[in-house]
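This briefing goes with the structure shown below.

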Amino acid sequence: MDNLIEIPWDALPADTLDALVEEFVTREGTDYGEQEIALERKVAQVVAGIRRREYVILFDTEAETAHILTRQQWRQAGQ
């Protein structure tokens, strides 16, 4: 876990944050259930959650990739 750095959401340009969140919500296994939700709405919901600090944005310095986790997942990982 030493290779993960938490990135403050407000340190990212808005278009970068939106692109990161869009990639996150379109990943395999992030389906929202039986009811179809528009991509723009999913992105807006996650961005709002990031601003409320329900999610964290992480950068993996080894893989050079970004990730989004719930704050609870991040705490359970020992952070």
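R53 sits in the loop that joins α2 to β2. The model is a predicted one. Three helices and three strands make up the secondary structure of the chain, and their order along the sequence is β-α-α-β-β-α.

**Overall layout**

- The chain has 79 residues, and 27% of them are buried.
- Among contacts in the chain with a separation of 6 or more, 48% are between residues 24 or more positions apart.

**Loop residues with positive phi**

- Most residues other than glycine have a negative phi.
- R53, which is not a glycine, has a positive phi, near 65°.
- R53 has a relative accessible area of 51% and is therefore exposed, since the cut-off for exposed is over 50%.
- E64 is also not a glycine and has a positive phi, of about 55°.
- E64 belongs to the loop between β2 and β3, the latter being residues 65–70.
- With a relative accessible area of 61%, E64 is exposed.
- From E64 to L4 the C-alpha distance is 9.7 Å, although 60 residues along the chain lie between their positions.

**Packing of α1 and α2**

- Helix α1 covers residues 14–25 and helix α2 covers residues 39–51; the two pack at an angle of about 115°, and their axes are 9 Å apart.
- That angle makes α1 roughly perpendicular to α2, because the class runs from 65 to 115 degrees.
- The crossing of α1 and α2 is right-handed.
- On the α1 side, the residues in contact are L17, D18, V21, E22, F24 and V25.
- On the α2 side, they are L39, K42, V43, V46, V47 and I50.
- Nine residues of this contact are nonpolar and three are charged, while no polar residue takes part.
- E40 is located in helix α2 and is exposed, at a relative accessible area of 59%.
- The C-alpha atoms of E40 and E22 are 8.3 Å apart, and the two residues are 18 residues apart in sequence.

**The aromatic pair**

- A pair of aromatic rings is described by the distance of the centres and the angle of the planes.
- How many aromatic pairs are counted in the model? The count is one aromatic pair.
- The pair consists of F24 and Y55, whose ring centres are 6.3 Å apart and whose planes stand at 70°, so the pair is edge-to-face.
- The two cut-offs behind this are centres within 6.5 Å for a pair and planes over 60 degrees for edge-to-face.
- F24 is part of helix α1 and Y55 is part of strand β2 (residues 55–60), so the pair ties together parts that are 31 residues apart in sequence.
- F24 is also one of the α1 residues that meet α2.
- Is F24 buried or exposed? F24 counts as buried because its relative accessibility is 15%, and the cut-off for buried is under 20%.

- N3 is in the segment before β1, which covers 4–7.
- The relative accessibility of N3 is 16%, so N3 counts as buried.
- Which residues does N3 touch, not counting those up to four places away in sequence? They are F59, D60, T61 and E62.
- N3 and D60 are 57 residues apart along the chain, and their C-alpha atoms are separated by 5.5 Å.

- R71 lies in helix α3, which spans residues 71–76.
- R71 is buried, as its relative accessible area is 12%.
- Apart from neighbours within four places in sequence, R71 contacts E6, R53, E54, Y55 and V56.

Technical notes: Residues numbered from 1 in each chain as written. Predicted model: local features only at pLDDT ≥ 70, side-chain atom pairs only at ≥ 80, totals over all residues. Heavy atoms only, no water. Axes fitted to C-alpha atoms, helices over the stretch in contact; angles between N-to-C directions. Helix = DSSP H or I, 4+ residues; strand = E, 2+ residues; numbered from the N terminus. Parallel < 35°, antiparallel > 145°, perpendicular 65-115°, else oblique. Left-handed = near helix turned anticlockwise from the far one by under 90°. Contact = heavy atoms within 4.5 Å. Nonpolar A, V, L, I, M, F, W, Y, C, P; charged D, E, K, R; others polar. Phe/Tyr/Trp six-rings, centres within 6.5 Å; stacked < 30°, edge-to-face > 60°. Buried < 20%, exposed > 50% of the residue type's maximum accessible area, 1.4 Å probe, protein only.
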